[in-house]
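Please find below my notes on the model, arranged as numbered points. They are meant to be read alongside the sequence and the coordinates.

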Amino acid sequence: MTRTPLVAGNWKMNHTPTQAAAWCDALRAELAADELPEGIELGVAPAFPALPRVAAEIERGLPLTLIAQNAHRELSGAFTGEVSVPMLLDVGCRRVILGHSERRQLFGETDALIARKVRTAVDNHLPPILCIGETEQEREAGRTEVVLEQQLQRGLAEVAPEALDDLVVAYEPVWAIGTGRVATSDQVAAAHAFVRATYAAIAGADRAAGLRILYGGSVKPGNAAELAAIGDVDGFLVGGASLEAESFLAIARAMARTAPS
Ligand code: PGA
């Protein structure tokens, strides 16, 4: 089964709407000078206030999938400061990142809460990018596979497998995020193969064969080609290196070179 590679930028709490518009201009200029090959999906996850600006650029033809960085578990209500799935859909989002390790670690999100959010997103046709990954301590204790299996099983516990056709999973070892310490090719290959096998047990072999599994954690233009060559790597979730359109695109080009033509 062919899996269209996805390279998604996660801007986190960076880029004002004005800066987001400048990023889109830079991306457009880069693409005009040197088109990206067909067969790869690009996505970007701006902070909430910048979503409409980027949505407008997409409407004008910029080839990007608009992604939200988070969403609330409920559809509406008295939740001051929160943003709902219908709001994200209305503004043009087509995917939502859920379970990012910063949400888990800094904002106390549990697997149970993430599972509720996954259900709300799936039920309302905003497919999630579910992030999973072990901490350094967990890896050193030999618990990487236990943690990945738990996060995947628990995160998907509230949705039926047949509703998951558009799911994307991002494997992001916590110790590699924002640290410059990228996982080795062997570590990434083993983790991705394990995630696919685990997903097969949850949703069946066919769905597992079609599941896109992204790697995230200090992906840069200099290491993207090596990571992209790993068979079970179907794209990247890129933080720091996505803030500049040029380096984001360099990573996407490295991934595109492995895309089935
Ligand atoms: P990084 O972040 O590329 O800056 O390591 C990745 C992520 O958090 O998705």
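1. Helix α5 spans residues 111-123 of this predicted model, and its 13 residues reach 18 Å from the first C-alpha to the last, close to the 18 Å expected at 1.5 Å a residue, where the expected span is 1.5 Å times one less than the number of residues.

2. On conventions, residues are numbered from 1 along each chain as its sequence is written, and side-chain values use heavy atoms, with hydrogens and water left out. Because the model is predicted, local features need pLDDT of at least 70 and side-chain atom pairs count only at pLDDT 80 or more, whereas totals for chains, interfaces and linings use all residues.

3. The buried residues of α5 are D111, I114, A115, K117, V118, T120, A121 and V122; here buried means under 20% relative accessible area, exposed over 50%, and partly exposed in between, with a 1.4 Å probe and protein chains only. An α-helix has 3.6 residues a turn, so residues three or four places apart point the same way. The buried residues of α5 pack against α3 (85-90), β4 (95-98), α4 (101-106), β5 (128-132) and α7 (144-155), contact being taken as heavy atoms within 4.5 Å.

4. Two backbone angles deserve a check against the model. Most residues other than glycine have a negative phi, and most peptide bonds are trans. H125, in the loop between α5 and β5, has a positive phi of about 65° although it is not a glycine, and this residue is exposed, with a relative accessible area of 68%. H15, in the loop between β1 (6-10) and α1 (17-33), likewise has a positive phi, near 75°.

5. The C-alpha atoms of I129 and L243, 114 residues apart along the chain, are separated by 19 Å.

6. L237 lies in strand β8 (residues 235-238) and is buried, with a relative accessible area of 2%. Leaving aside neighbours within four places in sequence, L237 is in contact with residues including A8, N10, I97, C131, A170, E172 and L214. L237 and L214 are 23 residues apart in sequence and 6.2 Å apart in space, C-alpha to C-alpha.

7. T198, in helix α8 (residues 185-203), counts as buried because its relative accessibility is 6%.

8. The ligand is surrounded by 13 residues, the closest being K12, H100, E172, G178 and S218, where a residue is near if one of its heavy atoms lies within 4 Å. This shell divides into 4 nonpolar, 7 polar and 2 charged residues, with Gly counted among the polar ones. A backbone N or O atom of G178 lies 2.6 Å from an oxygen atom of the ligand, and for G239 and G240 the corresponding distance is 2.8 Å. Taken alone, the ligand exposes 280 Å², of which the protein buries 97%, the areas coming from the Shrake-Rupley method with a 1.4 Å probe.

How values were computed:
Polar contact = N/O pair within 3.5 Å; in protein donor to acceptor, adjacent residues only side chain to side chain. Helix = DSSP H or I, 4+ residues; strand = E, 2+ residues; numbered from the N terminus.
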